[in-house]
Amino acid sequence: MKQPQGLLLSAVLAMSAAAPVHAQSMLYPHHFDLSEVTLFDSPFKTAMELNFKVLLDYDADRLLAPFVRQAGLNTGDYAGWQTLHPNFANWGGNGFDLSGHVGGHYLSALALAYAACRDAGMKARLKQRLEYMLKVLKDCQDAYDGNTEGLRGFIGGQPINEAWKKLYAGDVSGFRSVRGWVPFYCQHKVLAGLRDAYVYAGNKEAREMFRKLADWSVNVVARLDNAAMQSVLDTEHGGMNESLADAYTLFGDQKYMDAAQKYSHQTMLNGMQMQNATFLDNRHANTQVPKYIGFERIGEQGGSELQKKYELAAGNFWNDVALNRTVCIGGNSVAEHFLSAANSHRYIDHLDGPESCNSNNMLKLSEMLSDNTHDARYADFYEYTTWNHILSTQDPKTGGYVYFTTLRPQGYRIYSQVNQGMWCCVGTGMENHSKYGHFVYTHDGDSVIYVNLFTASKLANAKFALTQQTAYPYEPQTRITIDKGGSYTLAVRHPWWTTEGYAILVNGEKQQVAVTPGKAGYARLTRKWKRGDVVTVALPMQLRTVECPNYTDYVAFEYGPLLLAAQTTAVDATDADTTGLTAERLPNEFAGEGRMDHAPSAMASSRSLTAAPLLIGERAHVLERIASTQPSRLQFSIDASRSDAPDYKWNRLTLKPFYEIHHSRYMCYWYQQTAENYAASDMAASEQANKKLQERTIDFVATGEQQSEAGHEYSYSDDSSTGSYNDETYRDAKAGGYIQYSLFNPGGVTDSLAVLCRFTTADAGRRATLTVDGEKLADIVIPSSVKGAVNGFYNVEFAIPASLATVKGKAKDKFVVRLSASSGTLCPGLYYLRLMRNHTDYTYRFTAGDWKSGDKGRLQPANISYDAGRNIITVNQGGDNNVCLMLDYNNLNYSISPRQKYLMVLGRNLSTRAGASYLWWLNGKNRGTQVPPTIARDVTLNGEAYQVIAWDMARSGIADNISTTGNTDICLGQTIFGLTSTTGTSYIHDIDFVADVDAATGIRLPHAAGTPATYNLQGMKVAHLTRGVYIQGGKKILL
């Protein structure tokens, strides 16, 4: 870090003269101060100390740059700041500007690290860095002192000062225009950072800065009525209610509690007044967790009915997430969203697994609920999530942080790099590893001390002192030595998973404790303790399976508090020699500054689910496949072999604690089914279809999902909204509104590009126009049914013309795609958007073999023959309307444009008299009528007689599935017509959908040589001709 010229160190150190405070105990009265708990050697201490070093590698001046910019500081010490210390681009621009949020996290991280650190030299460096940050931020805050437009007390880094001024005046329009940047989410991080600098580091200046920013938070929404405020809270706002409730606790001013309640989202408060297993489905997960932390904090302040309502919501929320939505690492959500039960396969097949921020916040909520209830379930959850998610998100080599922990078999992690990634999970990651001592011990006043976690550590405060020595969970016990005597209860956690062998001995004598096997609880020992008393706790563990929530084909393996997982690739050549696995350099394992570099779905490579180790057999015998190999290291061997699949490669793999596996592919969840169930599943087919889709996908937008939208330069009308339908997330807009994204083309692909949109037939009748870079691709009308739709969802591709794929001869690196609603209907819900390569043109072209008998009673299939070379159908059938043909729609995928109004048949030996030809079915529609042709006439081609018979589809009365504004999938259902042969043998040379019947009757045969450019009937230039009708020189020709 470079300090600005002229900013004297003495000015910084003057802020450090804060006397010791007990603010931490004010906020968390059941906790010991973090400075009172010292960690001994363990994986937690190792991670914590690595994180201290990583924190100091961050460029504080660049983290401060957006605050300095917004405060208008550009003279003296701050002259040229933006040039010397440019703001981080990642999540700090390019259409998604969350500038300042990591700066707030950094304050919290430094304060927590300072409180937890026991090395004097490192502690001094952390303190100096924290105080430097605070000095600059104070200058930024002070710059607003004279402001009368709503910015007094403000500290923020987003370039939205004008929006804040409007909000202060009671106008939410400015806020709505930037709501995708989640402004209050960012402000919460700064509030929390200032609070923590006071609470954990005892900095009095931070206390006053926190109060001043809390005042701003109160005032900026003071003119909003409840309806307007709730509309603001529909946007992610972090834990604003929690921070203001904390301000109430610290300062005692009722206005802060009133504001905490004003910042409480009533939809989420009311929705969790009772257990509801579906209320959270498809909601953005980490938007919700901080709200419930705030609800619990508000509820703690007293016993009124309103406050009880807040506490009830927080408890019910925790129950739903922890018991119904938590996966084998202790985390929750996929691609940042809570899943419905029906959608739980995404835990396995989606690459973007649980988000680290979610677990960070669930641990906060668990601590609070534990403090208020002393229900050991919360401590069980806390321990499991800490070991298996939080600890596992730190790269043990670089200290980098992980955003999404994929649970897809053979997935791998992507790590941040210092001064590059500025994700939310970088911010919480900075904080996580200093909090390992935060919840080891709690207390009820002077009467009870709770041993929540079995972590090697020492506690020392005015009342209690003890030392815990253990290698847990690598040994199934812990030893607690009392370092300060006194009369109190020692409550030792009894984990739900331990066996009947759980026991407590005091000075070697076994104690009688009231605990229930299989149930979390506390063993309470009340006595007058003497210094030197030794409490030994036996914590026997056993191997167990746990099913993936609501997707029971997959299981994980747990041992005590640990998830056991297996590497499937080696880290390097040395590891390959040890494990027998193949070394692989994992693509994009270290994220750069790209907007979506943190997301495995955007950056990682995946492997087929069917290529992963599979445990085929009876569930009851699956644990028999596992044998302990190195008990002291908690390593096991698992037999993943199959005798029924000769091409299957897996044999034995090593299970070990998941948090130890890094820089390789891994298995957390394992497919486990009987051979019969596996054979009957559609796993292989669905994997193959998904693989093909992914291989063709150049870029992808998960519409309605914040991070994906923000990474694609989203833009949409003010009336746009998101939601979910049948467990899929969408974005739409009202009549006249629009949705817009940029699709990126980093490889510079120009050939056969297309835009793929996902719609649902539930939006039947909605209309929109699709444009790319301002050029119209299609008018879209959502039909009432689509062949192949699943639960009403279907994908449709729109080719990008070659002329749009380049600019000035170079491939475009992005395409701006806009879906604009008609003036009379809502915009169709867009469920995802893709840029595709290798687009296949499904424009209808006549191929003789595509037409089969439409009625076997009229035309036996044996009476039809096909000349594939000449592309002609021969029908040997007499009788009225017995030349009865149907498009083989079940096995085809053709489309026609709105210009192609007529269905036309060109043939020989066909009758043109009245009653000789009828259309019965058109694209799946029939009303029991016979539709006569619009045109039935003779034409002469090269001296031979042909007949042209055509129907104006719009006037047929059965054109329900024929769009007049957008392309039509002509294979939605059957199209059947019947013609009459004049000789008993007829020849069909063309069946087509055409724009102009008169042109269709002016067909001529092509010249042998010197022909001009050739086009199909849809106006597309054709290089290689097959049999059919084309346009040359403005006239139709027949091949």
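Predicted model: local features only at pLDDT ≥ 70, side-chain atom pairs only at ≥ 80, totals over all residues.
1. Main core. The largest nonpolar core contains 266 residues. Leu 167, Phe 184, Phe 317 and Phe 557 are the residues with the most contacts inside it. Helix α6, residues 101–116, supplies the largest share of this core, with ten residues.

2. Surroundings of Phe 317. Apart from its neighbours within four places in sequence, Phe 317 is in contact with Met 272, Leu 280, Gln 288, Val 289, Tyr 292, Phe 338, Met 362 and Leu 365. Gln 288 is one of these contacts, and Gln counts as polar.

3. Second core. A separate core of 39 residues is also present, with Leu 859, Met 886, Tyr 894 and Ala 959 among its members. In soluble globular proteins, nonpolar side chains tend to be buried together.

4. Helix pair α3 and α7. Helix α3 (residues 43–57) packs with helix α7 (residues 120–142) at an angle of about 35 degrees, and the axes are 11 Å apart. Their crossing is left-handed. On the α3 side the contact is made by Phe 52, Lys 53, Leu 55 and Leu 56, and on the α7 side by Met 122, Arg 125, Leu 126 and Arg 129. Sorted by class, the contact has five nonpolar and three charged residues, with no polar ones.

5. An unreviewed UniProt entry lists residues 692–836 as "domain: Glycoside hydrolase GH146 substrate-binding". In the model, this span is 47% strand and 7% helix. The C-alpha atoms at the ends of residues 692–836 lie 11 Å apart.

Key: Residues numbered from 1 in each chain as written. Heavy atoms only, no water. Axes fitted to C-alpha atoms, helices over the stretch in contact; angles between N-to-C directions. Helix = DSSP H or I, 4+ residues; strand = E, 2+ residues; numbered from the N terminus. Left-handed = near helix turned anticlockwise from the far one by under 90°. Contact = heavy atoms within 4.5 Å. UniProt positions renumbered as here; feature names shortened; annotations may be inferred. Core = buried A, V, L, I, M, F, W, Y, C linked by side-chain atoms within 4.5 Å. Buried < 20%, exposed > 50% of the residue type's maximum accessible area, 1.4 Å probe, protein only.
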